[in-house]
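Colleague: I'm new to this one and would like to know what stands behind the labels. Could you take me through them?

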Amino acid sequence: MACLLETPIRMSVLSEVTASSRHYVDRLFDPDPQKVLQGVIDMKNAVIGNNKQKANLIVLGAVPRLLYLLQQETSSTELKTECAVVLGSLAMGTENNVKSLLDCHIIPALLQGLLSQDLKFIEACLRCLRTIFTSAVTPEELLYTDATVIPHLMALLGRSRYTQEYICQIFSHCCKAPDHQTILFNHGAVQNIAHLLTSVSYKVRMQALKCFSVLAFENPQVSMTLVNVLVDGELLPQIFVKMLQRDKPIEMQLTSAKCLTYMCRAGAIRTDDNCIVLKTLPCLVRMCSKERLLEERVEGAETLAYLIEPDVELQRIASITDHLIAMLADYFKYPSSVSAITDIKRLDHDLKHAHELRQAAFKLYASLGANDEDIRKKIIETENMMDRIVNGLSESSIKVRLAAVRCLHSLSRSVQQLRTSFQDHAVWKPLMKVLQNAPDEILVVASSMLCNLLLEFSPSKEPILESGAIELLCGLTQSENPALRVNGIWALMHIDKIMSTHGKQIMQAVTLILEGEHNIEVKEQTLCILANIADGTTAKELIMTNDDILQKIKYYMGHSHVKLQLAAMFCISNLIWNEEEGSQERQDKLRDIGIVDILHKLSQSPDTNLCDKAKTALQQYLA
């Protein structure tokens, strides 16, 4: 089977290629095995560091022949090993080279090679597999196709420090989903890799550490196991803490901080534990300093954003550590005209990746400002911050746009900022642009923010409504995405008159969500929306005349989840409130469908909140 480059090559070029490289391939077909071996060795020396020569040999069909020799039982172990080395060298070229190797089914051939008893050959096969699996064009699923591969790799971990380094690197690159984590975990990855953290080889320690970071990410099962693992009498979290000390290489500090962050987010380490507050958080803040390389600053900020996202105390600590809020402002000035970068290659790389810094800064600002009013104020008062966020909304990179919207959404939780900074910068204008034809992931966050801008006290409310927001929001209520439907309805709920014009559409969307297979949070939000509708003067009738909706409220009052029961109770309370016109008729109708009986049952509930709400509702019937 011929394995050609994807890009067609003109005949004139091909004839030149043939002249300079053909003899290398011809020698692979010599009947004398010794000459074949020498031919492979010469080919190895010719391709090292020479991408043009690599491409030429692939075009001339060297790969199928090398794979044939690698798999032939009659080939000597030395020849097989040299073939694996040359294939590894070809894989180190361009992505097209890797695609050509994959097309020739190189992975099954190399995995077969791992069954050999010869260590040098095994190491050469693993080195080549490592190069192929770390390429962006290789589907990681290829590692899991044959169920015997993972246990065999685990068994090879003990053979040498090279097998340890390459196998850990393969695992860390191919562990991209929960099912990958489960497969590796079930085959003993934690036990087999833990002792490698004390290896004499830095490369082995580093690759083992990377394995643990991908295994622990958003995985409580792995994280809870890691907390209790002992290596040479020391618990794993203590080993990670030692690895993030300042005297360790930056890569090691960052990866250890990631391991501890992921274990904390998975619930295996408390957020107030000293290893998080005094070690992990300060280490990640250090990574944000302008002395660090661009990728280190990006990774540091993104990991810190993830660590502090759900915890207000960590947000407060981070905000006052090493002037972090001001330090992040430098992410937008990079590279500056007086940049210390003298390496032209590095400067070129950084100019292409500067948008990643902006994305990381927006993410971290969003986490920092998620709960605390003072922190939000500090962020907004940082030089030109609102302008930078507004500019971020129109960047070409979708990831930067999403991060900028998230940052704005976080800051829009502040009543004070909605009335001042958001109005001064007319944030609603670029936001309305973002909402036009945006992908769902941006729409979900942008429409959440629009809900905040449409609150009664927001000065932006009127201009937004005048700019066509109602049509846009009504469109969202018909979306297939439940989060978008909820946001569309929420935003419309801030105006009672909307129900008179678009009530039918909104009630239809509410029904769809309550009937669908959605999570508890989405259903709870939707019932709260119904409670809002039930609070509106004219909107009440839309519920009372819709028997389907009334039955759904009744159903959720008796649900097994207290959150949903409480949300359904809010709807009922708003419908039967005595002081409002028509309350008697509404109470009678709800009594007829069995609501009062359910209220009596709930008034005996062991949940005090639910019990109190039911008793309050029953009093409305007695008043």
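Modeller: Let's begin with a term: a nonpolar core is a set of buried Ala, Val, Leu, Ile, Met, Phe, Trp, Tyr and Cys residues joined through side-chain atoms within 4.5 Å. In this predicted model, the largest such core has 223 residues, and Phe 212, Leu 368 and Leu 530 have the most contacts inside it.

Colleague: What is Phe 212 in contact with, leaving aside its neighbours within four places in sequence?

Modeller: Its partners are Val 190, Ile 193, Ala 194, Leu 197, Leu 226, Leu 236, Phe 240 and Cys 259.

Colleague: And the chain as a whole?

Modeller: The protein chain has 39 helices and two strands. Of its 623 residues, 54% count as buried. Its C-alpha atoms fill a box of roughly 105 × 55 × 55 Å along the principal axes.

Colleague: Why is the pair of Phe 217 and Tyr 306 called tilted?

Modeller: First, there are seven aromatic pairs in the structure. In this one the ring centres are 5.7 Å apart, and the cut-off for pairing is 6.5 Å. The planes meet at 45°; stacked needs under 30 degrees and edge-to-face over 60, so the pair is tilted.

Colleague: What makes it a link between distant parts of the chain?

Modeller: Phe 217 is in the loop between α13 (202–216) and α14 (220–227), while Tyr 306 belongs to helix α18 (residues 294–308), and the two are 89 residues apart.

Colleague: How do you know whether each of them, Phe 217 and Tyr 306, is buried or exposed?

Modeller: Buried means under 20% relative accessible area, and exposed means over 50%. Phe 217 has 34%, so we call it partly exposed. Tyr 306 has 16%, so Tyr 306 is buried.

Colleague: What else involves Tyr 306?

Modeller: Ring pairs join Phe 217, Tyr 262 and Tyr 306 into a cluster. Also, the charged end of Arg 265 sits over the ring of Tyr 306, 4.3 Å from its centre.

Colleague: Why is the pair of Tyr 555 and Tyr 556 called edge-to-face?

Modeller: Their planes are 75° apart, and edge-to-face needs over 60 degrees. The centres lie 4.8 Å from each other. Tyr 556 has a relative accessible area of 3%, so it is buried.

Definitions and conventions: Residues are numbered from 1 along each chain as its sequence is written. This is a predicted model: local features need pLDDT of at least 70, side-chain atom pairs count only at pLDDT 80 or more; totals for chains, interfaces and linings use all residues. Side-chain values use heavy atoms; hydrogens and water are left out. Rings of Phe, Tyr and Trp (its six-membered ring) pair if their centres lie within 6.5 Å; planes under 30 degrees apart count as stacked, over 60 as edge-to-face and the rest as tilted. Helices (H or I, at least four residues) and strands (E, at least two) are DSSP runs, numbered from the N terminus. Buried means under 20% relative accessible area, exposed over 50%, partly exposed in between (1.4 Å probe, protein chains only). A charge sits over a ring if NZ of Lys or CZ of Arg is within 6 Å of the ring centre and within 35 degrees of the ring normal. Contact means heavy atoms within 4.5 Å.
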